[in-house]
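Dear colleague,

Here is the structure I said I would hand over. My notes on it follow below.

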Amino acid sequence: MTATKGLEGIVATTSSISSIIDGVLTYRGINIDDLAENATFEEVVYLLWYGKLPNRSELDQLTKELNAAANVPGEIINLIKLFPKDVNSMAALRTAVSSLALYDAEANDMSPEANLRKAIRLQAQLPTIIAAFARIREGKEAIAPKAGASLAENFLYMLTGKQPEKIAIEALDKALVLHADHELNASTFAARVTVATLSDIYSGIVSAIGALKGPLHGGANEAVMAMLEEIGTADKANSYITEKLANKEKIMGFGHRVYKNGDPRAKHLQKMSEELGKITGNMNWYNMSIQIEELVTGQKGLKPNVDFYSASVYTSLEIPRDLFTPIFAFSRTSGWTAHILEQYSDNRLIRPRAEYTGPSHQAYTPIEQR
Ligand code: ACO
């Protein structure tokens, strides 16, 4: 038995949800470029869960169900009020989502119908939790979701208390489409491992949130913004990046385990970052990002991943930096739940082996003799 570090190149399951073949990402066989240009996030949620694009009435029905499920129990809001104000936002999300299970009468109902209803509730309630957390820590009241709004519109509304501008809704919606699913990434794998023990869907999502939190995965988008802020202006990028690379430090938002010739999602976010920069009149983050891309690609041959330009996009939408990864979780809940439902539908316990590298033939020594 020989281990492959990081399971690189290991095919661990079959899945019909999303694919990365020759650097092309598809959801249910539809190219991400087509979806990014044309689909709404709700359409993508439907596509991931049901395996096909919805017709008008199917989309209206799902949108209605998501909207109706968006309120979270008052107990969760009260729980968030007890959190320390400076707590890590992904830790807060992980705790609140875990607590949702305590107030869901169907939490342990493992029927496919109940699991789909729970997927709808999770998808609808994550953005409500993130917005409530963001407001409560600032001493403000949480805002209830409004009827008839899309998930993107409602999130921005619940965050700010104001009707968001059309361009902001469209930009967030596109970011949600681009982050919705990504084959067997670390957090999706974590979710599948958890539910393959026939544990419940909430446990699967909590595992996934924990995995997404790390800076090598979803946490990279926040780290990118921290880097842009640290650099400050485009003219300082050259010395900063050159020094980091010389010290063999990683530049967040670059590189990918699967894509070696570039992440197909990055160009959409780059375009959005430029457009939003022009609209807000602040091109600093975009200009700096472009310069960093040139430097990292030139010096190291690495291309930006999905996290790199999403940092400047969210900043242009005036979203606080530590909500970037929770927003990733909000979007990826669609993919996580699709994978959990797929895992349940044809389950087998996931239990790989380890190559043992420890000592052998060791005798037990009584405690007095150690
Ligand atoms: N900056 C500088 N060097 C890098 C970077 C980077 N961002 N990424 C990889 N490298 C280098 C490594 O130092 C290593 O060099 P070496 O062979 O000289 O030691 C080589 O490229 C291979 O890197 P690994 O870390 O072994 O590649 P792996 O496939 O394990 O990691 C990962 C992929 C984690 C994404 C990595 O590229 C990375 O850490 N990037 C920065 C974090 C990031 O942006 N994560 C988000 C990924 S997308 C997502 O999860 C949504």
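How many Å separate the centres of domain 1 and domain 2, taken over C-alpha atoms? The separation is 26 Å, with domain 1 covering 18–214 + 323–345 and domain 2 covering 220–316, bounds that come from an automatic or database domain assignment.

Please keep in mind that this is a predicted model, in which local features need pLDDT of at least 70 and side-chain atom pairs count only at pLDDT 80 or more, while totals for chains, interfaces and linings use all residues. Residues are numbered from 1 along each chain as its sequence is written.

Where the domains touch (contact: C-beta atoms, placed from the backbone, within 7 Å), 17 residues come from domain 1 and 18 residues from domain 2. On the domain 1 side, helix 8 gives the largest share, six residues (helices are DSSP runs of H or I, at least four residues, numbered from the N terminus).

The largest nonpolar core has 99 residues, of which V44, V97, I129, I130 and I205 touch the most other members; such a core is a set of buried Ala, Val, Leu, Ile, Met, Phe, Trp, Tyr and Cys residues joined through C-beta atoms within 7 Å, and buried means that 20 or more other C-beta atoms lie within 10 Å of a residue's own. Helix 6 (residues 112–136) gives the most to this core, 10 residues, and at least three residues are drawn from each of domain 1 and domain 2. Leaving aside residues up to four places away in sequence, I129 touches V72, I76, L93, A96 and V97.

Best regards

Technical notes
A residue is buried if 20 or more other C-beta atoms lie within 10 Å of its own, exposed if 12 or fewer, and partly exposed in between; C-beta atoms are placed from the backbone. Helices (H or I, at least four residues) and strands (E, at least two) are DSSP runs, numbered from the N terminus. Two residues are in contact if their C-beta atoms, placed from the backbone, lie within 7 Å.
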